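This report describes selected features of one protein model. Please examine the sequence and the structure shown here before reading on.

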Amino acid sequence: MVAFFRRCYFLHLLRKFSTKLLRLKNSLLAGITIVFILATSALSYMLEPETFGNWFNALYYVMTTIATVGYGDYYLATVPGKILAMFLYVFGIGLLSLVIGKIIDTIAEFHRRRGEGKMSYYGKDHIIIVNWSKKAQLAIEELLAFDPNDEVVIIDEVEKHPFDHPKVHYVNGDPTSEEILLKAGVDKARSAIIFADPRIDETSLVDGKSLLIASSFERIAPHIHTTVEIMLDKHIQNFRHVRVNEFILSYDAVSRLAVRSALKEGNIDIITQLLRRRHGADIYEVPVDASWRTFRDAFTDLLSKGATLISNKGDMNINRKLDEAIPSDARLFVISDESILAKLTGAGRKD
């Protein structure tokens with residue numbers, strides 16, 4: 001009976017000890033495990049130096065023992081050594097199993113928090129997409145098609161990651177909140193696209209929310225290039241004071257493309273190619289060559305290399321200004337494919 005109670009008491013102590021280990025912080029548990037392995041390795045070598053020859057072989061023995069590999073090339077032969085070996089069987093194997101379990105739990109927790117958008121983004125030069133929708137999905141696909149190395153951060157309030165991709169991070173929360181914007185790394189971002197919230201029915205309220213988000217971006221990170229989708233043209237003036245770089249009228253582009261398709265059969269295909277990175281030619285900015293004096297020089301030279309000059313900044317009347325001098329602040333855009341752009345610039349970057 002006494003032996004029975006002693007065994008129960010031992011099991012009780014062992015359970016309490018295991019519970020305390022489970023509650024330890026990962027860093028502390030890792031430290032305890034390293035100390036345990038080093039200490040038992042040193043003790044093994046001290047007990048039987050002739051068996052191992054050096055401390056490293058004793059470390060090798062301890063590692064293979066607690067990992068349950070047990071090759072048998074080294075083993076403790078003395079009574080004190082065998083007692084230490086039994087101690088390793090009971091506590092060493094359990095401790096290592098606990099550490100492995102903690103590692104698996106940490107990885108699972110990381111993926112869970114990433115999927116729920118609870119983790120901060122610590123990169124830089126990324127692009128922020130605000131408000132998830134089909135348009136946001138297409139925008140991300142275009143971004144990744146243009147440069148697979150681009151990093152994208154989505155800010156929205158959906159329950160799980162809406163676009164599971166290694167280059168796409170998700171932050172769950174209110175995009176007007178400074179805390180959420182900082183979690184998305186807005187202070188280190190390159191640009192941001194604010195899409196209209198599809199969950200709001202009233203167009204004025206949609207633009208009002210977009211204005212509030214744009215104001216938050218301007219206050220925290222005025223340096224980034226901001227593009228905002230708005231529902232009503234008359235609301236553009238309300239955004240001027242927050243220095244939004246570009247506006248996209250939600251229904252304007254679709255309506256204009258539909259009219260062009262109806263009136264001019266075939267030209268919609270050309271516009272679609274320019275809109276989609278993965279199909280046909282694209283629009284690129286090229287550096288101004290020092291040998292070009294007029295737009296005609298630039299036009300002729302670029303054409304001979306397979307690129308068509310179409311505009312200086314937003315001015316597309318290049319063909320009427322061929323004999324005019326190229327201004328010092330000119331930004332020239334061409335229609336070209338990527339291979340020709342590489343020959344012109346050596347890099348190529350769509351604007």
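## The largest cavity

In this predicted model, the largest cavity is lined by Ala214, Phe217, Glu218, Ala221, Pro222, Ile224, Thr226, Val242, Arg243 and Val244. By residue type, the lining of the largest cavity divides into seven nonpolar, one polar and two charged residues. Helix 8 (residues 203-220) provides the largest share of this lining, namely three residues.

The space in the largest cavity amounts to about 50 Å³. The structure holds one cavity of 30 Å³ or more.

Thr227 belongs to strand 5, which covers residues 225-230. Is Thr227 buried or exposed? Thr227 has a relative accessible area of 13% and is therefore buried, since buried means under 20%.

Leaving aside residues up to four places away in sequence, Thr227 touches Ala192, Ile193, Ile194, Glu246 and Ile248.

## The contact of helix 4 with helix 5

Two packed helices are described by the angle between their axes and the distance between the axes. For helix 4 (residues 55-66) and helix 5 (residues 79-116), the axes come within 8 Å and cross at roughly 65°. The crossing of helix 4 and helix 5 is right-handed.

Which residues meet in this contact of helix 4 with helix 5? Helix 4 contributes Tyr61, Val62, Thr65 and Ile66, and these meet Ala85, Leu88, Tyr89, Gly92, Ile93 and Leu96 in helix 5. The residues of this contact comprise eight nonpolar, two polar and no charged.

Key:
Residues numbered from 1 in each chain as written. Predicted model: local features only at pLDDT ≥ 70, side-chain atom pairs only at ≥ 80, totals over all residues. Heavy atoms only, no water. Helix = DSSP H or I, 4+ residues; strand = E, 2+ residues; numbered from the N terminus. Buried < 20%, exposed > 50% of the residue type's maximum accessible area, 1.4 Å probe, protein only. Contact = heavy atoms within 4.5 Å. Axes fitted to C-alpha atoms, helices over the stretch in contact; angles between N-to-C directions. Left-handed = near helix turned anticlockwise from the far one by under 90°. Nonpolar A, V, L, I, M, F, W, Y, C, P; charged D, E, K, R; others polar. 1 Å grid on protein atoms, 1.4 Å probe; cavity = no way out; pocket = protein on both sides within 12 Å on 5 of 7 lines; lining within 4 Å. Points joined across faces, edges and corners; volume = space filled by probe spheres on them.
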